[in-house]
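The following note is intended for a colleague who is opening this structure for the first time. Please read the numbered points with the model in view.

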Amino acid sequence: MRLWLRLHVQALVAALTRLAAHPVATALAVLVIAIAIALPVLAAVVVKSLGAATARFDTDPHVNVYLALDATDEDARKVETALKAHPDAAAVRFVPRTRALEELKATTHLADLLATLDRNPLPHAFTVRTRTTDGARLAAIRAEWQKLPRVDQVVADFEWSERLARWVQFGDRALLAVAAFLALAVIFIVGHLIRLQVLTQRAEIEVSQLIGATAADVRRPFLYRGVFEGLLAALAALALAGATTYWLNSELQALTNSYATEFKVVFLDTPTVLGIAVGAALLGLIGAWLSVGRELRRFAATR
């Protein structure tokens, strides 16, 4: 066990020494890999931000029924009775105008403006969960409820948010495909860089094998090098993505400062960040393993 640990420590130190001995080449190699990793990371940030934005939208089938501004509480009760009696109404929620005003003040930046108004500009409203999502049926329901006494407007506007949620799901799947493709690119890049190192050290490797070094002994420092390059590239990619997210949030805040709703670019959570770092290190290990194994077989064939 001590011998095993000593061999790994020696390989670890050798890999770090070689990386530190050529800082410019190491930085360029890490930068190339980091760019390949940063692309799916930034795409994941975009998809996550869109997912967070659409999560606030209600995508369940529902229809909003707004009463006239001068409708009384008795009018609201009659409309509520008619809505609950409808066969396509699964649930009916009444939103009094006073509660609607309070929610508007709490969820937007319009509290000061609303406080200056002489009267509440919002009507009584109902949110009706429907049993159907069929467009033709919803159109018929909307026309029917529009004819109820004291009803001013009927809106069924959930379809666009439902379509947006489906696009976000599609983005998740497309992101997985892009990430898989770029993972292969990372393996190829690391493998190519390790291959150049193996060729540079060919004479040293052949001498070490003549005095008893095994393939595992030769391979070990290169594996650590691949792990370090993958890990450093992942950290650089995450730093690049984090800086880009910070810049986008600053620009977005300046752009939407006067809007009622806050827009925000959401960065990846801690488990995802750790997964990217570990995954990149693993890809570096795989690339180094494949490259060193292939070159050692070529060396053996040419002797």
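Over residues 21-47, what percentage of the chain is helix and what percentage is strand, and how far apart are the end C-alpha atoms?

1. Residues 21-47 are 96% helix and 0% strand, with end C-alpha atoms 40 Å apart. Helices (H or I, at least four residues) and strands (E, at least two) are DSSP runs numbered from the N terminus. The model is a predicted one, in which local features need pLDDT of at least 70 and side-chain atom pairs count only at pLDDT 80 or more, while totals for chains, interfaces and linings use all residues. Residues are numbered from 1 along each chain as its sequence is written, and side-chain values use heavy atoms, leaving out hydrogens and water.

2. An unreviewed UniProt entry annotates residues 21-47, 174-194, 227-248 and 273-293 as "transmembrane region"; such annotations may be inferred rather than shown by experiment. Residues 227-248 are 100% helix and 0% strand, and their end C-alpha atoms lie 31 Å apart.

3. The domain assignment, which is automatic or from a database, gives domain 1 (1-57 + 163-301) and domain 2 (62-131). Their C-alpha centres are 52 Å apart.

4. In helix α1 (residues 2-21), His8, Ala11, Ala15 and Leu19 are buried (under 20% relative accessible area; exposed is over 50% and partly exposed in between, with a 1.4 Å probe and protein chains only). These buried residues fall within an arc of 70° seen down the axis, so they line one face of α1; the arc is that of the directions from the helix axis to the C-beta atoms. Arg2 and Ala20 are exposed on the face turned away from the buried side.

5. Helix α4 (residues 97-107) has Arg97, Ala100 and Leu101 buried. Because they cover an arc of only 100° around the axis, they lie on the same side of α4. Glu102, Ala106 and Thr107 are exposed on the other side. Arg99, also in α4, is partly exposed, with a relative accessible area of 35%. Arg99 and Leu122 are 23 residues apart in sequence and 9.6 Å apart in space, C-alpha to C-alpha.

6. The second largest pocket is lined by 20 residues, with Ile37, Pro40, Val41, Ala179 and Ile276 nearest its centre. A pocket is an open set of points on a 1 Å grid where a 1.4 Å probe fits, with protein on both sides within 12 Å along at least five of seven lines; lining residues have an atom within 4 Å of a point. Helices α2 (23-55), α7 (159-200) and α10 (270-302) each give two or more residues to the lining of the second largest pocket.
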